[in-house]
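Here are a few friendly notes to read with the structure open beside you. Take the points one at a time and find each residue as you go.

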Amino acid sequence: VFTPRTVAISRGGSVTWIFGILTHNVVFGNQPGAPAGIDNGYSRTESRTFNTAGNFDYVCTIHAGMGGRVIVR
């Protein structure tokens, strides 16, 4: 699972995903203002900046049930 599953940030803030030894990705739904997703990878760190207020749901398409939400105020 992504931990924490939900994060709240201010507009213009960033979220960092840390992938361990298993391959993961981050895919955002068709939500206006969502940043680019993160391609499949492992053993790396990726950040995304959120410039639009809203709720941005995302999933790892490799692992069923693995997802989260970024709340941008």
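1. A polar contact is a pair of N or O atoms within 3.5 Å; within protein, one of the two must be able to donate a hydrogen and the other to accept it. Keep that in mind for the next point, and remember throughout that this is a predicted model.

2. Start with Asn25, which sits in strand β3, residues 24-28. Its side chain has a polar contact of 2.8 Å with the side chain of Asn40. The side chain of Asn25 also makes a polar contact with that of Thr61, again at 2.8 Å.

3. Is Asn25 buried or exposed? Its relative accessible area is 4%, and buried means under 20%, so Asn25 is buried. Leaving aside neighbours within four places in sequence, the residues in contact with Asn25 include Phe2, Phe19, Ile38, Val59 and Ile62.

4. Next, look at the largest nonpolar core, which has 15 residues. Those touching the most other members are Phe2, Trp17, Val26, Phe28, Phe50, Tyr58 and Val70. Two or more residues come from each of β2, β3, β6 (54-59) and β7 (67-72), and β2 gives the most, with three.

5. Phe50 deserves a look of its own. Setting aside neighbours within four places in sequence, Phe50 is in contact with residues including Trp17, Phe28 and Val70. Among its other contacts are Ile9, Arg11, Pro35 and Phe56.

6. Now find the largest pocket, which holds about 210 Å³ of space. Of its 14 lining residues, Phe2, Thr3, Thr16, Trp17 and Ile18 lie nearest the centre. Which strand supplies the largest share of the lining? Strand β2 (residues 13-19) does, with five residues. By type, the lining has 11 nonpolar residues, three polar and no charged.

7. Two backbone details are worth checking. Most residues other than glycine have a negative phi, and most peptide bonds are trans. The peptide bond from Thr3 to Pro4 is cis, with omega near -5°; Pro4 belongs to the segment before β1 (6-9).

8. The second detail is Ser43, where phi is near 50°, a positive value in a residue other than glycine. You will find Ser43 in the loop between β4 (38-41) and β5 (44-50). Ser43 has 51% relative accessibility, and the cut-off for exposed is over 50%, so Ser43 counts as exposed.

Terms used: Residues numbered from 1 in each chain as written. Predicted model: local features only at pLDDT ≥ 70, side-chain atom pairs only at ≥ 80, totals over all residues. Heavy atoms only, no water. Helix = DSSP H or I, 4+ residues; strand = E, 2+ residues; numbered from the N terminus. Buried < 20%, exposed > 50% of the residue type's maximum accessible area, 1.4 Å probe, protein only. Contact = heavy atoms within 4.5 Å. 1 Å grid on protein atoms, 1.4 Å probe; cavity = no way out; pocket = protein on both sides within 12 Å on 5 of 7 lines; lining within 4 Å. Points joined across faces, edges and corners; volume = space filled by probe spheres on them. Nonpolar A, V, L, I, M, F, W, Y, C, P; charged D, E, K, R; others polar. Core = buried A, V, L, I, M, F, W, Y, C linked by side-chain atoms within 4.5 Å.
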